[in-house]
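Hi,

Here's the structure I said I'd pass on to you. Have a look at it first, then read my notes below.

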Amino acid sequence: MVKFSKELEAQLIPEWKDAFVNYWQLKKHVKKIMLARKPRHVPHISYDYGASIFDPVRILMNKVSGWMKNQEEDPQIIQVKSKISVGEDGEEEDVEVYETELVQLFSQEDEVKMFFEMLDDELNKVNQFYKTRESEFLERGEILNKQLQILLDLKRVLNEWRRKNVAANLMTSKRFSRSNSSDLNSDFSESHSECFASPTDSQTDDVIETLEKNGINFVNSATRSKSKNGKPKMRTRIDIPATTPTRTIAAVTSMLLEDLVNNPKKEGGEYINRKKIQCAEKMIRGAFVELYKGLGLLKKYSSLNMVAFTKILKKFDKVSNQQASASYLKVVKRAHFISSDKVVRLMDEVETLFTHHFTNSDRKKAMKFLRPQQNTESHMVTFFVGLFTGCFVTLFSVYAILAHLSGVFSPVYMETVYPIFSMFALLSLHLFMYGCNLFMWKNTRINYNFIFEFQPSTALKYRDAFLICTCLMTAVVGALIIHLILLSTGLPPHHVDMIPGILLLFFVVLLVCPFNIFYRPTRYCFLRVIRNIVCSPFYKVLLVDFFMADQLTSQITLLRHMESAACYFLAGSIKTHQYETCKSGKLYRELAYVISFAPYYWRAMQCARRWFDESNSDHLANLGKYVSAMVAAGARLTYAREPSNLWMAIVLVTSIVATVYQLYWDFIKDWGLFDPKSKNLWLRDDLILKNKGVYYVSIAINLVLRVAWVESVMHFNIGVFKSHLLDFSLASLEVIRRGHWNYYRLENEHLNNVGKFRAVKTVPLPFREADSDG
């Protein structure tokens, strides 16, 4: 049977961990009471004069008299009182505080009194936290109800307008010629009518009458209703976040127009945009899902704390030989976090509204949105991970023996085959490190699904990451062996070299495959994130976007190998088998700079977009870090082609500046370490790992791996094969460093979320009040 402490640790909400009852501390105090109650060892002298025949009768009479005494009087052991707390200004606050008084004398009165004081503190903490979260969710529910009502009114009015427009269009088409009729139809067709024209006076009256039922003015309200000062009254506007390139460009254009023109808005009022209403509906639907999720977490919070109080009080009764739990549990059950049913009623209301308005009264479909089922980890995945791991080790051993016997590591082989297979190897290593990250995040209860905004039902688990990694490497090593065997049989090299190209094409097709096979949600999520990165800064930057962009800055070697593979296959080098064509080409040399700069450029543009959205100067400082990395990368590339003392000095200066900048950002900003006021020496106050020495070792590892660029200025003359092996080793160390960095980056992010008690995603709402004059 699993102990409750472990069960509580496994089920509690990680972001609310500090708000839960401190069951472990209370359990330690109960153990302390138990140890204090143990009598000291005193020699005992027994005088045994034999047993009496009246002993059984005497024992029975004592039990009966004790039972009758307990029936006559039920002595009160503790008394729990509640009062309204008084604030610092002397005024009463609406906060109910519980205090326990000992009515009966205990053998260890000080320890027991301290126990109940701790218990009262925990009860007050839990009760107050529940009230705060409950009020927040109730307020959110009221706002969502108003937003939903506005949406329904707008959709109804929009449908009426469309119906009137269609009727008017049909009547007009009878009066004009076919050509004029087609022009009118095109004006009102769905493909070209994203924004509807300003309505007539009667239609405007209908809109205002509909929306003012909720006290809201929307269309043309600025020209119809004014305050005493002559200024337009407040009205509601549709505010869609600029999350896509189209919306971003529109937002920037609107901002520029507002700067150029004093009053850019037309007096005729706002247009009703059908696409905006669709986006608003999607936003409100997502907000309802998050509200329901938060209510479920709060309900779970209440039940887990109730069980914790029950368990700890029963342990106290057992240790003290008293029955104090019954009295205290009565008070706990009357507390707000147990007695209130507002959360349950709001959950039922959300289910009803969501089912009726978003799933056409299909409750089963609604529950798929509100209560998504999480996929359980299958033992078959573990089996296949072990199977493919064994296959990979065996095949790699076979390949190493065959390669050594045939001696194929010639310059041609290393320049044509090596880039493709090393690309797969670096990708597999990164997947392996990501699987290790997932494993560590899960074991240390870091809620990475919430931080990355992944769907729990489709999110990749660490076993899945290991399975993809082992499958990929088994296929790659198998292709290497086939390539080596065919090459040794005397087949033409340009035919044999098609094997790496076929393998690459196969994995590209599998990545974009539309069928629901081989982790399609994960594949499409990856493609969507890559699209957001490449199109920076036009997409709104989420944490998963810049986290993935940081991964790309550690895979520049992989991107360079992709350039080599593309040149080899697309430039015709595979036919001539002359790899010098790509190495000496001017375009190839210029593209090397572009590819080396691209990950840093994308990351810098993300920082610029975040600064634009959040107006936080830290993002500009972070942008400077990636600019310095671009300068250092460009200097190293130039020095590799034109070695001279001047360029070596430039490389040293730019690389040292970039490295110091990166180390500062790693330790201070990304990991949150080196806090001089921390209770943990040069770390931070909150640490997830219990062994503090791990953090110091991680600092040293990150420092050493950050200076691996020193090898690029050494120019060792070690031959082609050893040179490629050294480059691959350094690239692998950078991937390992990035995987090591990932854990502490997300640990710091998780602790920040916990500090703010954010357990559900905050979804922006579309309708907001704004001045009609902008």
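This is a predicted model: local features need pLDDT of at least 70, side-chain atom pairs count only at pLDDT 80 or more; totals for chains, interfaces and linings use all residues.

The protein has 774 residues, and 42% of them are buried. You'll find 30 helices and four strands in it. Now take the contacts between residues at least 6 apart in sequence: 74% of those join residues at least 24 apart.

On to the helix pairs. Two packed helices are described by the angle between their axes and the distance between the axes.

Let's begin with helix 26 (residues 586-614) and helix 27 (residues 617-641). Their axes are 8 Å apart, and the helices pack at an angle of about 175°. Angles over 145 degrees count as roughly antiparallel, so that's what helix 26 is to helix 27. Sorted by class, the residues in this contact are 16 nonpolar, six polar and five charged.

The other pair is helix 28 (residues 645-670) and helix 29 (residues 693-706). Here the axes come within 11 Å and cross at roughly 155°, so helix 28 and helix 29 are roughly antiparallel too. Their crossing is right-handed. Which residues make the contact? Helix 28 brings Thr659, Gln662, Leu663, Asp666 and Phe667, while helix 29 brings Ile699, Asn702, Leu703 and Arg706. By class, that's four nonpolar, three polar and two charged residues.

Cheers

Note on methods:
Residues are numbered from 1 along each chain as its sequence is written. Side-chain values use heavy atoms; hydrogens and water are left out. Axes are lines fitted to C-alpha atoms, for helices over the stretch in contact, and angles run from 0 to 180 degrees between N-to-C directions. Helices (H or I, at least four residues) and strands (E, at least two) are DSSP runs, numbered from the N terminus. Angles under 35 degrees count as roughly parallel, over 145 as roughly antiparallel, 65 to 115 as roughly perpendicular and the rest as oblique. A crossing is left-handed if the near helix is turned anticlockwise from the far one by less than a right angle, and right-handed if clockwise. Contact means heavy atoms within 4.5 Å. Ala, Val, Leu, Ile, Met, Phe, Trp, Tyr, Cys and Pro count as nonpolar, Asp, Glu, Lys and Arg as charged, and the others, Gly among them, as polar. Buried means under 20% relative accessible area, exposed over 50%, partly exposed in between (1.4 Å probe, protein chains only).
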